[in-house]
Amino acid sequence: MTRSPASLEAIGFDSARRAEAAALGEELVPARVIRIDRGAATIFTPAGESRVAVPLDGDVAVGDFVLLDEQGVIAHVLDRYGSVARLVGNRHEVLQVVVRPLDLSTSPHRIQSLLTLAFDAAALPVIVLTKADLVADPYGQLDAVAAIAPGVEMVVTSVITGEGIDRVRSIVHDRTVVFIGESGGGKSTLTNLLVGADVLEIAPTRADGQGRHTTSFRELVPLQGGGAIIDTPGMREVVAAVTREQVEEGFGDIADLATMCRFRDCSHGVEPGCAVAAALADGSLASERLAAYESAMRDAAWNERRADKAAQAAERKAWRALERQRRVESW
């Protein structure tokens with residue numbers, strides 16, 4: 001069971017949010033969405049927790065600040081900044097934490113896909129590498145991750161030995177924090193440790209090394225001393241949100257190099273005059289970063305193909321419904 005925060009201010013309702021709310025009507029009651037499930041939202045208001053219906057348009061996400069009318073219905077959703085695949089709000093307070101276990105491959109390509117979303121959302125990214133106690137050399141994989149995430153802070157942690165936990169505490173203090181990563185990566189365990197109570201369910205990793213899905217919905221968990229963590233399900237739904245535009249934004253260095261290639265449709269392989277290949281040759285671009293870029297682009301292309309199929313299926317369904325309606329009316 002999630003602990004209730006001490007106050008709305010303790011989970012991010014600052015003076016800027018208060019002014020934004022007041023401009024929409026002094027009679028409206030502010031709240032923050034802390035969980036959504038079964039078509040309803042659990043919210044925290046100045047009077048405590050309550051459950052309200054999700055608006056028909058469904059445009060409410062965990063972490064949103066909302067305003068309630070006199071009937072207790074969500075009347076407004078305050079501006080959402082720094083949203084990572086619609087996971088959280090408020091640009092100035094958002095911290096995007098990519099959680100990756102060291103006992104599995106650190107998969108720099110997957111990490112970069114998640115970082116791409118963070119950069120696109122103007123959130124501050126941090127990489128937390130968990131389960132350091134399960135590997136002989138927990139720092140041996142840092143160079144590979146650093147090559148695809150220049151300038152991003154990395155923290156090696158273990159909830160067993162306590163390594164890196166104090167640093168994580170200082171990073172997340174008084175912020176809204178989103179933990180994302182694959183199932184079994186240690187997000188919920190780390191959240192419980194930071195909160196100081198077993199507020200989220202955890203389960204052991206499967207025998208094949210794959211994680212178990214213990215978090216099936218997004219949930220905002222308040223931190224002692226201020227701030228909140230949003231724990232999320234496994235990373236598949238997040239990576240599936242990556243677009244080509246987001247990849248270009250997240251890999252701005254490679255995108256800039258591509259504009260200097262001789263050919264506009266350069267594949268950055270064997271073509272003459274390729275600025276990307278030249279950067280690889282002179283060492284100014286790491287091969288790991290280019291590989292991460294290419295992997296992220298493949299993810300984005302797959303997402304586009306999937307979206308096209310979904311759109312085509314929806315269109316066919318709509319046409320079938322219209323045809324059935326036409327037949328009914330003709331009788």
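The following paragraphs lead the reader through one protein chain, from its overall make-up to individual residues. The model is predicted, so local features are reported only at pLDDT of at least 70 and side-chain atom pairs only at pLDDT 80 or more, whereas totals for chains, interfaces and linings use all residues. Residues are numbered from 1 along each chain as its sequence is written, and side-chain values use heavy atoms, with hydrogens and water left out.

The protein chain has 10 helices and 11 strands; these are DSSP runs numbered from the N terminus, helices being H or I with at least four residues and strands being E with at least two. Of its 331 residues, 47% count as buried. Here buried means under 20% relative accessible area, exposed means over 50%, and partly exposed lies in between (1.4 Å probe, protein chains only). The accessible surface comes to about 16700 Å², and 52% of that area belongs to carbon and sulfur atoms; such areas come from the Shrake-Rupley method with a 1.4 Å probe, and for residues only the protein chains shown count as cover.

Leaving aside residues up to four places away in sequence, Thr45 touches Val29, Pro30, Ala31, Ser50 and Leu68, a contact being heavy atoms within 4.5 Å.

Charged side chains come next. Side chains of opposite charge can pair when their charged atoms come close. A salt bridge is a side-chain nitrogen of Lys or Arg within 4 Å of a carboxyl oxygen of Asp or Glu, and the whole structure holds six of them. Asp37 is buried, since its relative accessible area is 10%. Its side chain meets that of Arg51 in a salt bridge (3.0 Å, N to O). This pair links distant parts of the chain, as Asp37 belongs to strand β1 (residues 29-37) and Arg51 to strand β3 (residues 48-53), 14 residues apart. Asp37 also forms a salt bridge with Arg35, where the closest N and O atoms are 3.4 Å apart. Through shared partners, Arg35, Asp37 and Arg51 are joined into one network.

The last stop is the surface. Ile160, in the loop between β8 (153-156) and α4 (165-172), counts as exposed because its relative accessibility is 66%. Together with Val159 and Leu193, Ile160 makes a nonpolar surface patch of about 250 Å². Patches are made of residues with over 30% relative accessible area and no salt bridge; like charges are joined within 9 Å, and nonpolar side chains (Val, Leu, Ile, Met, Phe, Trp, Tyr) within 5 Å.
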